[in-house]
Amino acid sequence: MPYPFTLRPLPYSYEALCPEISDTTLHFHHDKHLQTYVDNLNKALADCAPCQRMTLEELLQNLDALPADKRIPVRNNGGGVYNHYLYFDCMAPRSCSRPSGALARAIDTAFGSYEDWKTRMKAAAVGQFGSGYAWLVCDSSRCVSVVQTANQDCPLSKGQYPLLCVDVWEHAYYLDYQNRRADYVDAWFSLINWPFVESRYDGCCK
């Protein structure tokens, strides 16, 4: 995704994730919240030609190399764009599947089992104080782990490759679940697009 960044459409209809995530939530989350991050990122980079030549991943992977006045805007708004796109892409209508192949083996190695991973992932998502995300990430050795980030911080900035994430900002779930974040996370597990996540794992070290 090169500059200027644009609002990419959802990979499914607004009604596709119902009843776990309502069309009302997706309209607000994608059309309003994500659009704001896109607009603010473009505004922040409007006067920085070197930044404009970098992809979104490159911006987030090289925050310390950016001009000092661009680091926080890119971390907040660039992270907001990247994190949201991954969140939306990692879901599919009524997926109800499990990981397979190399990713399934990596999860079993790291956590013991798929169910143990779900327990760890839910604890990270529910336990994230305030706004943020829980992630499944991969390192250069293809080992996977669960991490938390606050606000719109992105694991790319810490040298980790994100495989999937669950957004636990209130705007991701409050219209459907009010303060019941744990119920939202339970519902999210049934929407994970595992073939997409597996493709990210297969390509994470290439």
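Buried means under 20% relative accessible area, exposed means over 50%, and partly exposed is what lies in between (1.4 Å probe, protein chains only). What you see here is a predicted model, where local features need pLDDT of at least 70, side-chain atom pairs count only at pLDDT 80 or more, and totals for chains, interfaces and linings use all residues. Residues are numbered from 1 along each chain as its sequence is written, and side-chain values use heavy atoms, with hydrogens and water left out.

**View 1. Tyr114 and Trp194 put their rings edge-to-face.**
Rings of Phe, Tyr and Trp (its six-membered ring) pair up if their centres lie within 6.5 Å; planes under 30 degrees apart are stacked, over 60 edge-to-face, and the rest tilted. Tyr87 and Phe88 make a tilted pair, with 5.3 Å centre to centre and 55 degrees between the planes. For Tyr114 and Trp194, the centres are 6.1 Å apart and the planes sit at 70 degrees, so this pair counts as edge-to-face. Tyr114 belongs to helix H6 and Trp194 to helix H9 (residues 194-203), so the pair ties together parts 80 residues apart in sequence. (Helices, H or I of at least four residues, and strands, E of at least two, are DSSP runs numbered from the N terminus.) Both Tyr114 and Trp194 are buried.

**View 2. Five rings gather in one aromatic cluster: Tyr114, Trp117, Trp188, Phe189 and Trp194.**
Look at Phe189 here: the charged end of Lys118 sits over its ring, 5.1 Å from the centre. To count, NZ of Lys or CZ of Arg has to be within 6 Å of the ring centre and within 35 degrees of the ring normal. Arg142 does this too, with its charged end over the ring of Tyr201, 4.2 Å from the centre.

**View 3. Arg8 and Asp89 join up in a salt bridge.**
Side chains of opposite charge can pair when their charged atoms come close. The rule for a salt bridge is a side-chain nitrogen of Lys or Arg within 4 Å of a carboxyl oxygen of Asp or Glu. For Arg8 and Asp89, the N to O distance is 2.6 Å. Arg8 is in the segment before helix H1 (23-45) and Asp89 is in helix H4 (residues 68-89), 81 residues apart.

**View 4. Lys70 and Asp47 share another salt bridge.**
Which of these side chains is buried and which is exposed? Lys70 is buried, at 8% relative accessibility, while Asp47 is exposed, at 60%.
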